[in-house]
Amino acid sequence: MNQNAHVDHEQLLSYLYGECDPGERAHVESHLGGCSACAEEVAGLTSMRQLLAGWAPPDVALGFQISRTAATEAGSGVEGAPSRGNGWWTRPMPAWAQAAAAVLVFGAGLAIGTGRTAGAPAAAPQVVAAAPPVVSESPLAAPVADDRLAREVAQLRTELASLRRVAAAAPVAAANPPLLDQMRAMLEESEQRQRVEFTARSAQLARDFEVRRRVDLDTVNQTIVRVQGQAGAEVRQQRQAIEGLARAVSLGVR
Amino acid sequence: MTRSRGGDADSFNQLILRWERPIFALAYRVIGREEDARDVCQETFLRAYRALPGFKGEAKFSSWLYRIALNLCRDWIRKQRRQPVSQLPEDADIDEIAASTGPVESIEDLVARRELTAVVEEAMSRLPEEQRTAIILKEYHGMTFQEIADLQGCPLSTVKTRLYQGLSVLRRELEQRGQARSRMVKPA
């Protein structure tokens, strides 16, 4: 391409926004090195882009969401709310609650299974008497390959059997069933762990925010000092220009 | 996307969470009014949710969403038949704004915005809608020339011409106001 010809605006924009191939980029850069007009054009557009980068929309709370009624009714609407979620049923279940629910479901299933397969009620005390976890001889344990899992299954089955025995034999429970106590302990432990973790994360967030705030304040102070300096220089220049003009006018009048 | 298309509101709300800020930013810069930009943003997601079953996935979801938003902005401009105006109060207290906006936006950003917003917004408002939209999509949403051309329904060269003319006009206006002079970048 003729080096004397200026770069057209399409090439210029492709170069400015980095959307040209290496060959085209090299050609434009080579031309800019020898053409002050095009170089000034690029510099001016680059400066313009820098100014535009400072234009930001206000940081407002949005939080739009499709409401549940909107999703099902014809007259739908999008709610703009600062908080999300319509009710407790929309919130995700905590991990500890999920674990407790899984244990309950699993235990209920085992209870049903042992209830169907167990023979005389006298068999349950035999299992309960073995306090340390033992591998059950029930057919349900047969498919379990992992020893640890088998022991845990046997323990749960033992505890559920004891619950059934206590409920069936005693009109009044002497104390809380051990399974419920164990579950309460598990839940409390999980809650405590989550509280500790949440506190640690909150503290870390607060520290990070404080660091960022200090950095931003320092940057702002530097910017203000710089702007004040520039403004002062411009005011002095204008004053000098006005004084010079006044002198010239007075000399001309004389 | 698949769950949203099946009418799952929660899944669509996740999409809203991802796109509400960019769509609001687009609407605000095109329209220039915060409350109206919120309305456009809200209407965009409502229309998108209603039309989602018909979205075939041939284009990017973001492009489809942007098209809805731009159409709504265009409708708003035609309805209002006036130029967007700057909304930042000239006597705004920076500390107060910083305290109210929280840690998301730094004070340095607020200072820069206070200096530039009024001038840039006014200059942008004078541009023809197509030039202004092309600049906004390119500068603030990182779209390629081709993506802008697809959104605006025009050839690639037209997009570049709009961008070039718009930037040149902005540059001339801001230079006249003395904004760009002190920030001129020396050619490499």
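I looked up Arg21(B) and found it partly exposed at 36% relative accessibility (buried is under 20% relative accessible area, exposed over 50%, partly exposed in between, with a 1.4 Å probe and protein chains only). This is a predicted model, in which local features need pLDDT of at least 70 and side-chain atom pairs pLDDT 80 or more, while totals for chains, interfaces and linings use all residues. Side-chain values use heavy atoms, without hydrogens and water.

I then noted the partner of Arg21(B): Asp59(A) forms a salt bridge with it, the closest N and O atoms being 3.5 Å apart (a side-chain nitrogen of Lys or Arg within 4 Å of a carboxyl oxygen of Asp or Glu). The pair crosses between chains, from the loop between α3 (36–53) and β1 (64–66) of chain A to helix α2 (residues 9–31) of chain B (helices are DSSP runs of H or I, at least four residues, and strands of E, at least two, numbered from the N terminus). Asp59(A) is partly exposed at 24%.

I recorded 18 salt bridges over all chains. Among them, Arg214(A) and Glu210(A) have their closest N and O atoms 3.1 Å apart. These two residues are 4 residues apart in helix α8 of chain A, so about one helical turn separates them. Arg214(A) is exposed at 53%, whereas Glu210(A) is partly exposed at 25%.

I turned to the aromatic rings and counted 9 pairs over all chains (centres within 6.5 Å; planes under 30 degrees apart are stacked, over 60 edge-to-face, the rest tilted). Phe55(B) and Phe61(B) are edge-to-face because their planes stand at 80°, with centres 6.0 Å apart. Phe55(B) is buried at 8%, and Phe61(B) is buried at 12%.

Terms used:
Residues are numbered from 1 along each chain as its sequence is written. Chains are lettered from A and ligands numbered from 1 in the order in which they are written.
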